[in-house]
Amino acid sequence: MEDLRNKYLELVSGAADEAALEELRVQAVGKKGEISLKMRELGKMTPEERQVMGPKLNALKDEINSALAAKKAALADAALDARLKTEWLDVTLPSRTRRQGSIHPISQVTEEVTAIFADMGFAVAEGPQIETDWYNFDALNIPGHHPARAEMDTFYTHRAEGDNRPPHVLRTHTSPVQIRTMEKTGAPIRIICPGRVYRADYDQTHTPMFHQVEGLALGKDISMANLKWVLEEFFSAFFGTHVETRFRASHFPFTEPSAEVDIQCSWEDGQVKVGEGNDWLEVLGSGMVHPKVLEAGGIDPNEYQGFAFGIGIDRLAMLKYGIPDLRAFFDSDLRWLRHYGFASLDQPTLHGGLAR
Ligand code: PHE
């Protein structure tokens, strides 16, 4: 008995891994293990012998089982230690400051616009960039044959052959979010919808993906006068100086009447300055929401009315921060990003100040 005990305790303590341990377990206390066979012999003993040998064999079996379990835990600990050693990290090393990122001007301007409109009670709403033809066009009073569809240089998705449903589109403007919000919340509404939009166009002031922010205010007695005040407040806060606006009659299928809005500026040596001078720069489209659009959004045009506008965020960023070429916004050139980017901890707020 003593020999058996010494033999197995020694083997267990020397086992190299879990597989070796399992082999030892089978060999000693498995069904046909050495100790199990010895236990079977108890049956052939006299009761007196059995009374001595029974407890001894049981104790031996227990001892070997616990040695196996202890060794198994020790092997697992050693494996963990080895792994921790290879994953060692010196947390006292200085950080690599030169790799610090910056906030892209588009993100910065989106935050600024959001802060200004939030102060006037506008919430932020969002919608999908891949839209149905209905939300992007029909619901906005742009039926199938309407020339605006072609004017917007729309990207259409491809449908499988034989699938006759109208294709999805990459939204050409943020106006579909108006409809989605009307459906979701009903009137009254006061929202802005910033986001990406897509049109097949590419030159110094056009990229196939760009950004707009849509505004929508619906209520029982909202008028063009409210629109003008809101936009003037916005431009003055955004550019940090009083900015005159000029409303020019225009046409959009989704607003009636419609106006394009120019802001006051000066041109000197090819440089544009907002809020001074005698020139005008067109920056946005706006108007009173067309009754058909309200209906498409499930709102009764006899009860509610309101204004909508759409501004290009990229355009605003170029004007405010003097960035000449729109295409560079999306080139991911690190030198450009370092030059035009914003410190990541400077969140624009009205009380803390917007960037100048
Ligand atoms: N959706 C128009 C555009 O892209 C802008 C606009 C929005 C005009 C809301 C009027 C009202 O170009």
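Predicted model: local features only at pLDDT ≥ 70, side-chain atom pairs only at ≥ 80, totals over all residues.
1. The ligand takes up the space of the largest pocket. Two or more residues of the shell around the ligand come from each of the elements β5 (209-219), β9 (279-289) and β10 (305-312). Of the elements, β10 gives the most to this shell, namely 3 residues.

2. Residues around the ligand. The ligand has 13 residues around it, and those that come nearest are His173, Ser175, Arg199, Gln212 and Glu214. An N or O atom in the side chain of His173 is 3.0 Å from a nitrogen atom of the ligand. For Ser175, a polar side-chain atom likewise lies 3.0 Å from a ligand nitrogen. With Arg199, the ligand atom concerned is an oxygen, and a polar atom of the arginine side chain lies 2.9 Å from that oxygen. On its own the ligand has 310 Å² of accessible area, of which the protein covers 92%.

3. Cis peptide bonds. The bond from Ala187 to Pro188 is cis, with omega near -5 degrees. Pro188 is placed in the loop between α8 (176-185) and β4 (189-198). Glu256 and Pro257 are also joined by a cis peptide bond, where omega is about 0 degrees. Pro257 belongs to strand β7, which spans residues 255-268.

4. Positive phi at Asn141. Asn141 is not a glycine, yet its phi is positive, at about 65 degrees. The residue is found in the loop that runs between α6 (133-136) and α7 (147-151). Asn141 counts as buried because its relative accessible area, 18%, is under the 20% cut-off. A polar atom of the Asn141 side chain lies 2.9 Å from the backbone oxygen of Pro253. Beyond its neighbours within four places in sequence, Asn141 is in contact with His146, Pro253, His290, Lys292 and Val293.

5. Positive phi at Ser332. Ser332, again not a glycine, has a positive phi of about 55 degrees. This serine lies in the loop between α11 (313-321) and α12 (334-340). Is Ser332 buried or exposed? Ser332 is exposed, because its relative accessible area of 59% is over the 50% cut-off.

Methods
Residues numbered from 1 in each chain as written. Heavy atoms only, no water. Helix = DSSP H or I, 4+ residues; strand = E, 2+ residues; numbered from the N terminus. Buried < 20%, exposed > 50% of the residue type's maximum accessible area, 1.4 Å probe, protein only. Polar contact = N/O pair within 3.5 Å; in protein donor to acceptor, adjacent residues only side chain to side chain. Contact = heavy atoms within 4.5 Å. Near = heavy atom within 4 Å. Areas by Shrake-Rupley, 256 points an atom, 1.4 Å probe, with all protein chains shown as cover. 1 Å grid on protein atoms, 1.4 Å probe; cavity = no way out; pocket = protein on both sides within 12 Å on 5 of 7 lines; lining within 4 Å. Sits in = over half its atoms within 2 Å of the grid points.
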